[in-house]
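Thank you all for coming; I would like to take a few minutes to walk through one structure, with some attention to its core, its aromatic rings and its sheet. Please have the sequence and the model open while I talk.

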Amino acid sequence: MIHDVIVVGAGPAGLFAAIQASSRHQVLLLEKKDSPGKKLLITGSGQCNLTHTGSVRDFLAFYGRHGSFLGSCLQQFQPDDLLDFFRKRNLEFYISDEGKYFPKTNQAADILNILIQECQKNGVAIKTCERIEKVQRKDQFFLLESNKAIYEAKKLILTTGGMSYPGTGSEGDGYSLAKSLGHSIIPPRPALTPVCVSDFSMSHLSGLSFKEVAIDLFRDHIKKASFTGDLLFTHKGLSGPVILNHSRYLLSGDVLHINFLHPLQAAGLIKEMLDYIQHKGSHSLINFFRAYPVSRNLVKHFFTAIGIKQDLKAAELSKALRTRLIQQLTNFQIEINKVQGFSHAMVTAGGIDLKQVDPRSFQSKICPGLYFAGEILDIDGDTGGYNLQAAFSTAFTAGKSV
Ligand SMILES: Cc1cc2nc3c(=O)[nH]c(=O)nc-3n(C[C@H](O)[C@H](O)[C@H](O)COP(=O)(O)OP(=O)(O)OC[C@H]3O[C@@H](n4cnc5c(N)ncnc54)[C@H](O)[C@@H]3O)c2cc1C
């Protein structure tokens, strides 16, 4: 049997592309795991941050250098269209303080179930435990070989994801399939991933988070970039949106200069501390920090680290210790030992070279009838629902275009 359309990979992109294509074609969806959407189930810690508030124009800024490539598909299928698709199937959403959309049930499984039900309703055949290992063009058809059978299709949509969290099925298979059809692959790299710091002196503060810290990135003593955002200490180093969202730019050996008191700079802090010492010299130094949105545990850690007694009176602080304390709080330097790999990365940067894909249809420019959607493409977004939105919008366009 020659299928109209075969979709390879039943993640959110594959399921949604299959739904779209099934309005006009007979569709077969092949998945190598024993059930679809393994990664979708763990998104947003199992609660699924589906998308984000903001206009299409706002969205484009959250995909690094590749945002503009998504312009057309985000216009065709906007965040509101995505929410409406699920609302029409009785799933409501709430918005977190940061502007992230989650289903009111807080269950990623509800998103997945709707996608599977919609596939069933539209007659999409889903076959699991089918790992596609080889693909070739034969005349005007695609010939696909799985671990179990051989399939033929007129059109092929590759939605095999990237390489992150390989246990969910995304192990980079799609790259070799696309290569065998003539596509170039931008080398895949882990993104949205935490960093490790060797002998991290703050592992006892793991779980502590900081709002809106400012970080300057130095490489070989040269300032390369500046970021602002929320930071989290882990057992092994640093995470939180400001690290995850910029991990695509970070390398081992980079030095981060962190200002925990952003936007206050060292000069402002010295002035305010001198004021406090002058007027409240008999008070505990640590109480000075009550006026600042900085964790008391962090301040205590710095006291210990540089040898300040926890109950020191403000007037007893020497100039040398004052300078060191202010430096720790406003210009704390930490060297990245390792940027975590694919097993910790939420997404994969790199993938199918966008130069060989038409952004209006997501069809290959070099192999007619071949389409791509989702994370297999060289597109990765920030945390906040941007990656799922990209998976759904690219899948909408690819699925409609076949
Ligand atoms: C822990 C975690 C949390 C996340 N949370 C969020 C979040 O809250 N919001 C957000 O926007 N993004 C989140 N993401 C990112 C998001 O999950 C992905 O960007 C998204 O799943 C990509 O969808 P996809 O369909 O392109 O690929 P995937 O979801 O990776 O699906 C690809 C599918 O293809 C199958 N496959 C692979 N190779 C083959 C083959 N050879 N033959 C057959 N099938 C194959 C795989 O088994 C898999 O089922 C998170 C990621 C992780 C790891």
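Predicted model: local features only at pLDDT ≥ 70, side-chain atom pairs only at ≥ 80, totals over all residues.

Let me begin with a term: when I say contact, I mean heavy atoms within 4.5 Å.

Turning to the rings, a pair of aromatic rings is described by the distance of the centres and the angle of the planes. The count for this model comes to 23 aromatic pairs. For Phe 86 and Phe 392 the centres are 6.1 Å apart and the planes stand at 85 degrees, and planes over 60 degrees apart count as edge-to-face, so this pair is edge-to-face. The two partners come from distant parts of the chain, with Phe 86 in helix H5 (residues 79–87) and Phe 392 in helix H12, 306 residues apart, and both Phe 86 and Phe 392 are buried. By contrast, the rings of Phe 288 and Tyr 292 have centres 5.2 Å apart and planes at 50 degrees, so that pair is tilted.

Ring pairs also join Phe 16, Phe 77, Phe 85, Phe 86, Phe 93, Phe 392 and Phe 396 into a cluster. Over the face of one of its members, Phe 85, lies Arg 89, at 4.0 Å from the ring centre.

Finally, the sheet: seven strands form an open, antiparallel sheet, in the order E16-E15-E12-E13-E14-E11-E17. Strands E16 (332–335) and E17 (338–339) stand at the edges with a single partner strand each, so one side of each has no neighbour in the sheet. Further in, strand E12 (residues 209–219) and strand E13 (residues 222–233) pair in the antiparallel sense over nine bridges, and the bridge partner of Phe 210 in E13 is Leu 231. Helix H11, residues 319–330, lies across E15 (255–259) and E16, running at about 105 degrees to E15.

Key
Residues numbered from 1 in each chain as written. Heavy atoms only, no water. Pairing = 2+ DSSP bridges. Helix = DSSP H or I, 4+ residues; strand = E, 2+ residues; numbered from the N terminus. Axes fitted to C-alpha atoms, helices over the stretch in contact; angles between N-to-C directions. Phe/Tyr/Trp six-rings, centres within 6.5 Å; stacked < 30°, edge-to-face > 60°. Buried < 20%, exposed > 50% of the residue type's maximum accessible area, 1.4 Å probe, protein only. Lys NZ or Arg CZ within 6 Å of the ring centre and 35° of its normal.
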